[in-house]
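Please take a look at the structure below. We will walk through parts of its fold step by step.

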Amino acid sequence: MPELPEVETSRRGILPYLKGQTIKQIIVRQPKLRWPIDEAINGAHGQVILDVQRRAKYLLLKLTHNWIVIHLGMSGSLRILQNQQTAQKHDHVDLVLDNGVILRYTDPRRFGSWLWAESIDDVTQLKHLGPEPLGDEFCANYLLDKAKNRQVPIKNFIMDNHIVVGVGNIYASESLFMAHINPNRKVNTLKRAEFERLVVAIKQVLNQSIEQGGTTLKDFLKSDGKPGYFAQELQVYGRSGQACLNCKTEIKSKRIGQRNTFYCETCQK
């Protein structure tokens, strides 16, 4: 599943082509995505795309009067086409601009979505989300407060979108390794200094991934059609049985919260 860095990479990739442009047409070939595409989305015709924003893993197209909210789901991707190309089986939506540029949405599994809204405040999926991990609100004091009386493992805690958005499985494992925190530690046992290290690690891992173009996943392509590169830099994720890059201890793997978790028993006591 595309994670926050992949979605942010997509946002940055499509922004220069979309911002300030007028929508000529939206072609919906398959309306049955995770949620059916509202026919009202045809009202985007003639509106200008004022901005392309991101909230959690959602891309927000701010139009003159409305909003289009896109989620890439499990296998969705966005590409910029400079000219009309024959649509393939899984090319479900084209957003066509007056200048001929096309934003094409491809999604083999159809778990993504294109939502239409009068106001961004009307989008149910965006309500009750935690803060952005790269923002100032996400800090050690915030986590310390949220962790009070909580007995869940720290890895599950930081992957909870009500606590903080966008810290997916890969980035949770990587951040906890960088912060030297065992992923199975109960969150209410962590001290302020440990939360401070974790916040720094999460921001660093996500920023590094964004700079390098998002994690290389078989289903993810950037807007230019090229995969990301961050997977080449992973320290623990997917490295079970291999030597820790810090201490040479064998990397372990276990399921925490039904997700594979990778860690070093020596570096993350």
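What follows covers a helix, a sheet and some backbone angles. The model is predicted.

Start with helix H1, which spans residues 4-18. H1 has 15 residues. From its first C-alpha to its last it reaches 20 Å, close to the 21 Å expected at 1.5 Å a residue. How many of the 15 residues of H1 are buried? The count is 11, so H1 is largely enclosed by the rest of the structure. Buried here means under 20% relative accessible area. Just after H1 comes Gly20, with a positive phi of about 85 degrees.

Now turn to the sheet. It is open and is formed by 4 strands, in the order S2-S3-S4-S8. The pairing is antiparallel. Which strands stand at the edges? They are S2 (49-55) and S8 (113-117). Each has a single partner strand, so one side of each is left without a neighbour in the sheet. On average, neighbouring strands of this sheet are turned by 20 degrees against each other, direction ignored.

Look next at the pairing of S4 with S8. Strand S4 covers residues 67-71. It runs antiparallel to S8, and 5 bridges join the two.

Helix and sheet can now be put together. H1 lies across S2 and strand S3 (58-63). Relative to S2, H1 runs at about 175 degrees.

Two further backbone angles deserve a look. Most residues other than glycine have a negative phi, and most peptide bonds are trans. Arg110 is not a glycine, yet its phi is positive, at about 60 degrees. Where does Arg110 lie? Its place is the loop between strand S7 (102-106) and S8. Arg110 counts as partly exposed, at 33% relative accessibility.

Lys248 also has a positive phi in a residue other than glycine, near 75 degrees. Lys248 sits in the loop between helix H5 (192-212) and strand S9 (252-256). Is Lys248 buried or exposed? With a relative accessible area of 61%, Lys248 is exposed. The cut-off for that class is over 50%.

How values were computed:
Residues numbered from 1 in each chain as written. Predicted model: local features only at pLDDT ≥ 70, side-chain atom pairs only at ≥ 80, totals over all residues. Heavy atoms only, no water. Expected span 1.5 Å × (residues − 1). Buried < 20%, exposed > 50% of the residue type's maximum accessible area, 1.4 Å probe, protein only. Pairing = 2+ DSSP bridges. Axes fitted to C-alpha atoms, helices over the stretch in contact; angles between N-to-C directions. Contact = heavy atoms within 4.5 Å.
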